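Q: Could you take a close look at the nonpolar core and the aromatic rings in this model? I would like one connected account of how the side chains meet there.

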Amino acid sequence: MRRSKSLLMGFFLPALVAVWGFSAEPTEAVVQGHVYCVGEDLQETQCTDDSRHFAFRSDDGRRFVLSPDDEMTGMFRDPRVRSQRLRLRLWISESGRVDVVKVHSVRDGEIWDIYYFCSICNIRSHSGGPCWCCQQEFELVERPASEGQ
């Protein structure tokens, strides 16, 4: 029985990939552009302090609606981040879900790491607000990106 299952999977899985282009692995994309707020209807809207839905428009005109439950999008609630030209590394699943893997800011052609930091507790975060440990407000930090970013 075990051998027949492996034979079936060995035949059908490659067939699914070949015929329908199905892949369980997400596609990775690195894009530069600007983030903006969208409403429940996914149309561009004015950002508020409570905004939870975001999209990204790349410099080449592509639009990516970011997954609202992706914790990395917490950074986009900050108007200082939204106002910048950004470089995002995205994972795009077959179902169309778009998750943010890494966020960089782009200034004068240079790539910068952007994150929140609590210097008291030495904690990095991808969203602002109070530090989980000491409750001091996280500080927005930008530093030249490391090589290979």
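This is a predicted model: local features need pLDDT of at least 70, side-chain atom pairs count only at pLDDT 80 or more; totals for chains, interfaces and linings use all residues.

**Rings and core**

Now to the core itself. The largest nonpolar core has 24 residues, and Leu66, Phe76, Leu88 and Val103 are the ones that touch the most other members. Two or more residues come from each of β1 (27-37), β2 (54-58), β4 (86-92), β5 (98-107) and β6 (110-118). Leaving aside residues up to four places away in sequence, Leu66 is in contact with Val35, Phe54, Ala55, Thr73, Phe76, Leu90, Val98 and Val100.

Two of those contacts, Phe54 and Phe76, also meet each other. The count of aromatic pairs is 2. In one, the ring centres of Phe54 and Phe76 are 5.9 Å apart with planes at 70 degrees, so the pair is edge-to-face. Phe54 belongs to strand β2 while Phe76 sits in the loop between β3 (63-65) and α2 (79-82), so this pair ties together parts 22 residues apart in sequence. Both Phe54 and Phe76 are buried.

The other pair is Trp132 and Phe138, with ring centres 5.3 Å apart and planes at 70 degrees, so this pair is edge-to-face too.

Notes: Residues are numbered from 1 along each chain as its sequence is written. Side-chain values use heavy atoms; hydrogens and water are left out. A nonpolar core is a set of buried Ala, Val, Leu, Ile, Met, Phe, Trp, Tyr and Cys residues joined through side-chain atoms within 4.5 Å. Buried means under 20% relative accessible area, exposed over 50%, partly exposed in between (1.4 Å probe, protein chains only). Helices (H or I, at least four residues) and strands (E, at least two) are DSSP runs, numbered from the N terminus. Contact means heavy atoms within 4.5 Å. Rings of Phe, Tyr and Trp (its six-membered ring) pair if their centres lie within 6.5 Å; planes under 30 degrees apart count as stacked, over 60 as edge-to-face and the rest as tilted.
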